[in-house]
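These are my notebook entries on one protein chain, written while I looked up a few of its features one after another.

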Amino acid sequence: MDAPGWAVQPGAAITTQPPPNPAEAPPPPSVGAPPPQQAHPPVQRRPANGGRRATTGSFIVPRSGDEETEDGRIRNREAATKIRDAWIYKQISARQDEFTEYKRARFFFGTWNVNAKGKDESLDDWLCSDWGPNGEHSPDLVAVGFQEIVDLNAVNVAVDNKSQQRSQHWVDRIRATLNSKKNSNNDPNRAYTLLMQKYLVGLLICVFVKAPHKQRIKDVHSDCVGVGVMGVMGNKGGVSIRLQFYDSTICVVCTHLAAHRENVAGRNADFANVFNKTSFDIGDKAVTENIRSGSLSQWAAGSSSVGIADHDLVFWLGDLNYRVDESLSTEKVIELANANQLDELIVNDQLNIERAQGRVFQGFEEGTLSFKPTYKYQPGTDLYEARPDKKLRAPAWCDRVLWLASEPSHVTQLSYKRSELNISDHKPVMATYVVTIKDVIQSKRDEVYEEVMKLLDKFENQTLPMVGLDRINLDFGEVRYDQKVSLPIKVTNTGKVVAQFRLVPKLDEVSFATSFLEHE
């Protein structure tokens, strides 16, 4: 049987009386460091202050079970590994500038609830109004989201009846607008190519990129989340596309949230559901590469999927359906909107109120609302809906574009405004940004990573248990029958951590000593 074990604090010593064994000395004690007892680490979501990533949970639950070690301690290997990865990630992130070049790019985002309308009207006023007379300010990336590309009736919600056809209609129209002779001047370097499109019933998102950047884009994936009828149907929900642009990770989300002026809690819940349920399976290799480049939280290690918050830049657009608070009457809201007196409306905007209270879009930023409310208009006009035979709606900024940046200084908004296209009861909204993009120099990154791993090895070696013995051979001399003889062995902890040891039997033996030998 095995002997009991002892634990020695750093710098301390313990003396044990081994049993007499004139035939041979016992083997050295077996030494092992006690495994750390780790709590489950918190989810590494960036906090709301400073525009960092939003928190959607308090703990990460390891998939593997806890283990009990020989000394009775409880440990979880997965949690311990993630804590180790956290240290590596922190070191790599702190040294990003050593292996990263930074470039500036121009991004455009547009959103429009088309109310199941739209045929051949020009989209230039919406998509290309900030390009400049010669296209010198044309964006490097264009992402456009639509809501209600089909009527949200029961048939269209239950069956993919017209969504694919209408989705392709709008994608083709956007492509034709971006690449028209007027906008591109037939220059191949100014041509746009479609990266991906994704639709869900009435929702559509599509992302285009300028031709020169195409070869530096990878890991393009999409997802959709329905949060409508019964919490799963696609009459409300979100469609998302993520990609790696050079070495920055980008996620674009288009949502249509719960309707009705009083249903603020429903909109907040829809946001949380889309935020938490959206997932992109980008593969283990992509996850590892992003962690090494400092673009992905270390808590993603061991998974092939990432969520919305696991990106350098997140842009969230759509018909978010937040209205002006009911403390202002519908008639008062219409009066203020028509007079372009926006200050009181902005103060009472539900999204502004909810964000200020930390109940939704935690950590996101939005530009100043300097344009009139975008809903609800009489289709085909620039008049707010106030006809006596129609249900009276208070004008509202339903259509919004927000962003979330891991490094807030890497996003500068150039414009945030609306278009005057009038075929729908909503006005289109657009936002243009200059963003700082990372371009990682692989050779330098590998050098930094190797240095970090060497530092980790050094640290781990220093935390290994180390002991010293005052003797490795025991010579009891001549021992007579029925004579008790003893010799001490002094074990000194020469390391920096607690060292545990115990006496163990030799190979192929069940006891560490014969029956006439004992230890104290």
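Before anything else I wrote down the cut-offs for burial: a residue is buried under 20% relative accessible area, exposed over 50%, and partly exposed in between. I also noted that I am working with a predicted model.

**Entry 1, the whole chain.** I looked up the secondary structure and found 12 helices and 21 strands in the chain. Of the 520 residues, 49% are buried. I then turned to contacts between residues at least 6 apart in sequence, and read that 72% of them join residues at least 24 apart.

I looked up Asn340 and found its phi near 60°, which is a positive value in a residue other than glycine. Asn340 sits in the loop that runs between helix H9 (330–338) and helix H10 (343–347). Its relative accessibility is 45%, so by the cut-offs above Asn340 counts as partly exposed. I next looked up Val201, where phi is near 55°, again a positive value in a residue other than glycine. Val201 belongs to the loop between strand E8 (192–200) and strand E9 (203–210). Is Val201 buried or exposed? Val201 counts as buried, because its relative accessibility is 10%.

I found that the peptide bond joining Tyr375 and Lys376 is cis, with omega at about 5°. Lys376 lies in the loop between helix H11 (350–356) and strand E16 (399–405).

Several residues of H1 are buried, among them Glu78, Lys82, Asp85, Ile88 and Ile92.

For H1 (residues 77–94) and H12 (residues 442–462), the axes come within 10 Å and cross at roughly 135°. An angle of that value makes H1 oblique to H12. The crossing in which H1 passes H12 is right-handed. Which residues make the contact? From H1 I listed Arg84, Trp87, Ile88, Gln91 and Ile92, and from H12 I listed Val448, Tyr449, Val452, Met453, Leu455, Leu456 and Glu460. Sorted by class, the contact of H1 with H12 has 9 nonpolar, 1 polar and 2 charged residues.

Terms used:
Residues numbered from 1 in each chain as written. Predicted model: local features only at pLDDT ≥ 70, side-chain atom pairs only at ≥ 80, totals over all residues. Heavy atoms only, no water. Axes fitted to C-alpha atoms, helices over the stretch in contact; angles between N-to-C directions. Helix = DSSP H or I, 4+ residues; strand = E, 2+ residues; numbered from the N terminus. Parallel < 35°, antiparallel > 145°, perpendicular 65-115°, else oblique. Left-handed = near helix turned anticlockwise from the far one by under 90°. Contact = heavy atoms within 4.5 Å. Nonpolar A, V, L, I, M, F, W, Y, C, P; charged D, E, K, R; others polar. Buried < 20%, exposed > 50% of the residue type's maximum accessible area, 1.4 Å probe, protein only.
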